[in-house]
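Subject: Structure handover

Hello,

Here is the structure for your files, with notes on what turned up in it below.

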Amino acid sequence: MTVSTAAVLMAALALGPASAYGQERPLQLTWVDRTGKAIETVGAPGAYRGPDLSPDGKRLAVHRHDGIGGDIWISDSQGGLNTRLTTDASGAQDNASPIWSPDGSRILFASLRNGKWGLYVRRADGAGVEERLIESGSRKMPTSWSPDGQFIVYWVNGQTQWVLPLTGDRKPRRFLETQNSHAQISPDGKWVAYNSMGEVFLKPFPTGAGNWKVSTNGGAFPRWRGDSQELYFLSTGFLGQMMAADIRATGRSAQPGAPRSLFESGYVNLGHPGGNYHTYSVSPDGQRFLIPRPETDTLTVFDREGKVVKTVGRDMYTAPVLSPDGTRVAVIKNGRDVWVLDVADGKGVPITSNGSQARSRGPVWSPDGRQVAYLTRGDGTEVLYRTSSNGAGPEELLYRLPGANISLTDWSLDGRFLIYYSPQLGGNTLFALPLTGEPKPMEIARSESP
């Protein structure tokens with residue numbers, strides 16, 4: 001094996017997206033405690049979405065997305081996901097977002113059939129026939145079922161939610177006039193937590209005055225503890241922190257406590273278009289969290305014939321880039337920090353320390369291999385850094401770049417410029433940023449297409 005052979009093949013790994021050719025990254029349903037420590041796993045890895053735990057905490061319903069469709073699976077008495085609730089196994093339907101009824105006897109879910117989305121209810125044991133509650137052409141996903149069994153909240157494409165009474169005229173009414181999603185009715189039925197404008201809010205349910213902000217720095221996907229006195233949510237961002245906030249209520253007034261971080265969730269936002277799925281479940285006592293966590297990757301070196309030469313390490317790795325001499329690889333670990341690993345023995349060192357909100361991406365090596373440059377995003381700007389490839393010394397902020405979706409692509413061979421790409425309204429542009437003198441980007445190429 002030559003250095004150039006390994007470089008070509010390791011770089012090729014960096015080009016493959018997590019869901020290439022429409023195939024999603026396998027996820028492992030994992031129970032973790034309040035510190036984030038893994039306790040046990042459920043079933044085999046798969047393209048899971050929307051795990052929902054029964055009210056007694058003993059059974060699980062989840063959507064497994066296979067191909068262009070998907071079905072609802074139910075755990076058996078041994079905890080395995082071996083029972084298919086929905087009958088379509090062809091992939092032509094998309095049966096999604098299961099929600100348990102308050103008594104644990106039925107499952108509410110969404111289904112795309114013949115070009116129309118509907119909400120359906122079926123007995124959890126699979127007996128009997130489905131009941132269709134509502135159907136239309138708009139994508140819709142159920143998000144919550146009130147504990148008295150009288151109301152369902154569902155999400156409609158366009159970031160609106162509707163309340164569907166299950167008694168009387170069954171006429172849906174809009175939940176809020178502002179854009180909102182992922183409503184979660186409290187187990188005592190008095191409150192509903194929801195997402196709006198990038199934050200988590202709380203209001204009385206089904207009606208009542210008052211609206212309280214729970215998150216303080218971005219949040220999504222609220223879930224309740226069984227006693228309605230603690231609310232959980234994910235901090236905004238990829239692989240966000242699991243947060244918890246005490247909810248103290250006096251009559252119809254609520255006082256959310258200051259959010260506190262429990263652990264880094266390891267959740268991956270699948271980015272399914274138009275979806276509004278549950279992302280995790282919580283045991284009734286709030287001591288365990290069921291999270292779909294991605295399967296780990298193996299960094300592998302191949303020769304030109306595709307034969308495995310060696311493996312470097314196994315973890316949540318993306319964007320591997322070999323050093324100029326081929327002895328080390330810079331890689332994003334856990335979607336957050338840049339690590340540099342030794343190709344020979346797999347030992348690594350983190351060269352960034354981004355904390356809970358910032359995420360690194362796009363590492364590139366300096367020509368001499370002594371430094372690595374990378375991007376992070378924060379405060380509405382892309383921030384360009386460089387640091388020593390051995391982890392020693394501080395990280396140096398080079399430049400703040402306005403905009404989004406900027407890609408760091410190269411470091412010039414003379415060491416004088418970093419090259420980055422920026423999609424803009426005026427065209428897709430390639431820039432060179434000088435590393436000496438005034439850090440003023442120079443446009444070097446522009447195109448109407450990416």
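A residue is called buried when its relative accessible area is under 20%. Trp-145 has a relative accessible area of 7%, so Trp-145 is buried. Please keep in mind that this is a predicted model.

Surroundings of Trp-145

Trp-145 belongs to strand β11, which covers residues 140–145. Setting aside neighbours within four places in sequence, Trp-145 is in contact with Ile-99, Trp-100, Ser-101, Pro-102, Arg-106, Leu-108, Val-121, Phe-151, Ile-152, Leu-166 and Ile-185. Ala-183 lies 38 residues from Trp-145 in sequence, and the C-alpha to C-alpha distance between them is 9.7 Å.

The sheet that holds β11

Strand β11 is part of an open sheet of four strands, ordered β11-β12-β13-β14 and paired antiparallel. The edges are β11 and β14 (173–174); each has a single partner strand, so one side of each has no neighbour in the sheet. Further in, β12 (residues 151–156) and β13 (residues 160–165) run antiparallel and are joined by six bridges. Phe-151, one of the residues in contact with Trp-145, stands opposite Pro-165 in β13.

A second sheet

Another open sheet has four strands in the order β15-β16-β17-β18, again with antiparallel pairing. Its edge strands, β15 (181–185) and β18 (212–213), each pair on one side only. Strand β17 (residues 199–204) runs antiparallel to β18 and is joined to it by two bridges. Leu-202 has Trp-212 in β18 as its bridge partner.

Regards

Notes
Residues numbered from 1 in each chain as written. Predicted model: local features only at pLDDT ≥ 70, side-chain atom pairs only at ≥ 80, totals over all residues. Heavy atoms only, no water. Buried < 20%, exposed > 50% of the residue type's maximum accessible area, 1.4 Å probe, protein only. Contact = heavy atoms within 4.5 Å. Pairing = 2+ DSSP bridges.
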